[in-house]
Amino acid sequence: MSARPDLARRLLAELLGSALLAAVVVGSGIAAQRLSPDDTGLQLLENAAATATGLFAIILMFGPVSGAHFNPVVSLVDAAFGGLPFRDALAYVPAQVVGCIGGAVLANGMFAEAAISISTTHRATGAHLLAEVVATAGLLLVIFSLARTGRGATAPAAVGAYIGAAYFFTSSTSFANPAIRIGRMFSDTFAGIAPASVPAYVAAQLVGGAGAILLIRALHPDVTPAEAADVVVPHDGRPQTAPSSTSGGLVS
C-alpha cells in the first residue's frame, strides 16, 4: 500500500473541503430563499439538491488527499476503527471547524450579506435531536459499509445521495456534522442555526457516532484498520475504481 499524504496536505484538504461544503450549504440556502421566497418546500429542495451534488464534487476533489471526511464524527469514528491515528483525527477536527466557519462567511460575502451574522433560528427539539442521531449513524453506516466491501470509489455518489435524501426524511434536515453545525451559526439566513441550539446537536451527533460504532461492529465484525483507512474514499495514491460486477467486488 502506498503511503498516505503527509498530515499538512491532509489538513489543508480538510480545511478547504469543509469551507467549500459550508459555502455550498449556506450559499444555496441564501439563493433558494431569494429565488423562492414564498415556498419553503421548494427552498429546501433547492438547498438539498445543491448540497447533495456539491458534496459529490467536493469529495471527488479532496478525497484522494485526505479521504474527504469534512466531519469530526467521521474522523473520530475512523480513528476508533484504526483507520486514522487519533492524533491525526484530533488535528482534523479544528481544520474542519475553521473551514466550515470560513465557508459560511464566504457564502455571506458572495450574496452581499454581512460577513458574520449570528443566526437566530432555534432548531433544538427532542424530535430534531433524535433525527440527528439517526442521520449521523446512517451516514457512518454508508461510509464504513462501502469501505468494508471494497466499494469506496462509489462513496462520493452514495454520500451525496444519502445527505440529499436525509434533508427530507429527518426533521432536522440532517446536519450530521458538528463542524458544519458550528459554521452555520455565522449566517442568519435559511441554513443558519442559533448558537444556543448547537451544543445539543453536537451531543446528538456524537451519540449517533457511538451508536454507529456498535452497528458497524455488529454488521462487519471483522472490519480491519486497512479498510477503515479508506474512509471516506481511498487516499493513499491508489487508483479509485469501482469493483467489477464479475470480479467478486463484495468482500464478505
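1. Contact here means heavy atoms within 4.5 Å. Keep in mind that this is a predicted model. With that cut-off, the α5 side of the α5/α8 packing is made up of His-128, Leu-129, Glu-132, Val-133, Thr-136, Ala-137, Leu-140, Leu-141 and Phe-144. Facing them from α8 are Ala-200, Tyr-201, Ala-204, Gln-205, Val-207, Gly-208, Gly-209, Ala-212, Leu-215, Ile-216 and Leu-219. Sorted by class, the contact holds 14 nonpolar, five polar and one charged residues.

2. On spacing along a helix: an α-helix has 3.6 residues a turn, so residues three or four places apart point the same way. That is handy when reading the contact list of α5, which includes His-128, Glu-132 and Thr-136.

3. Now the geometry. The axes of α5 (residues 126-148) and α8 (residues 198-219) come within 7 Å and cross at roughly 40°. Angles under 35 degrees would count as roughly parallel, so this pair is oblique instead. As for hand, the α5/α8 crossing is right-handed.

4. What about α5 by itself? Its 23 residues reach 33 Å from first C-alpha to last, close to the 33 Å expected at 1.5 Å a residue. Just after the helix, Gly-150 takes a positive phi of about 70°.

5. Elsewhere, how many salt bridges are there? The count comes to four.

Definitions and conventions
Residues are numbered from 1 along each chain as its sequence is written. This is a predicted model: local features need pLDDT of at least 70, side-chain atom pairs count only at pLDDT 80 or more; totals for chains, interfaces and linings use all residues. Side-chain values use heavy atoms; hydrogens and water are left out. Axes are lines fitted to C-alpha atoms, for helices over the stretch in contact, and angles run from 0 to 180 degrees between N-to-C directions. Helices (H or I, at least four residues) and strands (E, at least two) are DSSP runs, numbered from the N terminus. Angles under 35 degrees count as roughly parallel, over 145 as roughly antiparallel, 65 to 115 as roughly perpendicular and the rest as oblique. A crossing is left-handed if the near helix is turned anticlockwise from the far one by less than a right angle, and right-handed if clockwise. Ala, Val, Leu, Ile, Met, Phe, Trp, Tyr, Cys and Pro count as nonpolar, Asp, Glu, Lys and Arg as charged, and the others, Gly among them, as polar. The expected span of a helix is 1.5 Å times one less than its number of residues. A salt bridge is a side-chain nitrogen of Lys or Arg within 4 Å of a carboxyl oxygen of Asp or Glu.
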